[in-house]
Amino acid sequence: MTHRRRPLAYWLALSWLGLIIVAGLLAPWLPLPYPAATPDLLHISTPPSALHYLGTDPLGRDVLAGLVAGARQLVRLSLPAVGLATALGAAAGGAAGFWGNSRLRLPLAVLPWLLGLAWWQLALPTRPGLTLAFGVGALALTLGSLPRHRPGGRAGGRTFALPLDGLVLGATAMLGAVPRLILLAALAAGPPLSAPLLLGLLALVAWPETARLVRAQMLRVRVLPFLEAARASGLPGWRVWLRHAMPHACQPLYAFAPLTLAGLVGLENTLAFLGIGQSPDVVSWGSQLTTVRQDPAAWWVALGPGLALFCTLLALQQLGRSLATPITSYPKNT
């Protein structure tokens with residue numbers, strides 16, 4: 001008889017991440033003596049003392065309160081971003097792998113709406129004649145897609161094949177051609193962004209890797225016998241995709257999501273270190289580290305945020321590695 005257990009490093013990583021998440025969630029209610037963004041001008045760059053347990057930075061801000069604020073940034077920004085990127089990447093990659101370029105057929109009437117949406121997204125110029133021609137074409141396509149009676153009594157409208165796989169691969173290749181930090185810095189340059197907009201930008205640069213992983217898994221899953229049986233039983237395609245194929249194609253995400261979160265935490269703190277995308281009064285581990293340049297002798301300013309960031313990234317790497325490794329079995333009597 002054997003028991004299964006995780007290595008000690010897994011539990012240490014899980015404990016550290018749990019501590020960070022609890023600190024981030026309870027940050028507004030923790031009995032901290034000083035707010036993170038409020039400077040104490042009488043104590044600037046002071047080492048750890050009974051008044052400031054971890055010292056103050058060159059701006060007079062309490063380092064301990066800044067550490068808690070950094071944990072809150074992870075909870076309110078990085079965690080939702082990785083959830084959004086994982087959901088978007090899984091849906092796009094799963095759909096591309098399942099339907100490919102020819103299996104997803106849409107009514108012809110949908111085509112003008114897709115073209116109109118692309119026109120609006122690209123902010124292309126509009127002219128009265130062009131708009132009239134577009135409307136006439138859309139009406140013709142809509143009428144052409146109306147159901148018609150076919151020999152044998154069946155009715156069906158005209159459809160077209162959506163090249164979903166090509167669209168997803170093209171989008172991931174386009175986003176992957178530029179390093180994520182450069183792309184994010186270019187998109188976030190300018191005035192400080194709101195938290196939802198920065199969250200969306202983080203998700204935008206993170207979803208392609210998840211999409212490529214799920215697409216590769218879906219190419220393997222879609223030819224398995226149980227999916228052929230589901231199709232043969234007459235289930236709709238979307239139901240076979242959602243209820244039977246996606247749970248199997250998304251299994252690697254349990255180990256991949258912590259690695260994605262590690263990447264986003266590093267990106268978010270790098271932007272804060274560079275002073276891009278966030279308001280100066282938003283305190284995070286990256287913004288704390290950047291104040292060391294004003295007083296390089298204040299080692300305590302770099303120690304706390306540096307250790308917090310290093311341990312968090314290390315814990316996420318260990319968590320992803322442990323989830324990707326089968327659980328070790330050992331005899332019960334040992």
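**View 1. What covers helix H5.** Helix H2 (63-99), helix H6 (180-188) and helix H7 (195-221) are among the elements that cover the buried residues of H5; contact here means heavy atoms within 4.5 Å, and buried means under 20% relative accessible area, exposed over 50%, partly exposed in between (1.4 Å probe, protein chains only). Helices (H or I, at least four residues) are DSSP runs, numbered from the N terminus. Please keep in mind that this is a predicted model, in which local features need pLDDT of at least 70 and side-chain atom pairs count only at pLDDT 80 or more, while totals for chains, interfaces and linings use all residues. Residues are numbered from 1 along each chain as its sequence is written, and side-chain values use heavy atoms, with hydrogens and water left out.

View 2. Leu164, Asp165, Val168, Thr172 and Leu175 are the buried residues of H5. They lie on the same side of H5 because they cover an arc of only 110° around the axis, the arc being that of the directions from the helix axis to the C-beta atoms. An α-helix has 3.6 residues a turn, so residues three or four places apart point the same way. On the face turned away from the buried side of H5, look for the exposed residues Leu167 and Met174.

**View 3. H2 meets H7.** The axes of H2 and H7 come within 5 Å and cross at roughly 35°; axes are lines fitted to C-alpha atoms, for helices over the stretch in contact, and angles run from 0 to 180 degrees between N-to-C directions. In the contact of H2 with H7, the residues divide into 21 nonpolar, 6 polar and 2 charged. Ala, Val, Leu, Ile, Met, Phe, Trp, Tyr, Cys and Pro count as nonpolar, Asp, Glu, Lys and Arg as charged, and the others, Gly among them, as polar.

**View 4. Serine 45 in its loop.** Serine 45 sits in the loop between helix H1 (8-25) and H2. Its phi is near 55°, a positive value in a residue other than glycine. Most residues other than glycine have a negative phi. With a relative accessible area of 16%, serine 45 is buried.

**View 5. Threonine 291 and its contacts.** Threonine 291 belongs to the loop between helix H11 (285-290) and helix H12 (299-324). This threonine 291 counts as buried, at 2% relative accessibility. Setting aside neighbours within four places in sequence, threonine 291 is in contact with Asp57, Pro58, Leu59, Arg61 and Val301.

Note on methods: Helices (H or I, at least four residues) and strands (E, at least two) are DSSP runs, numbered from the N terminus.
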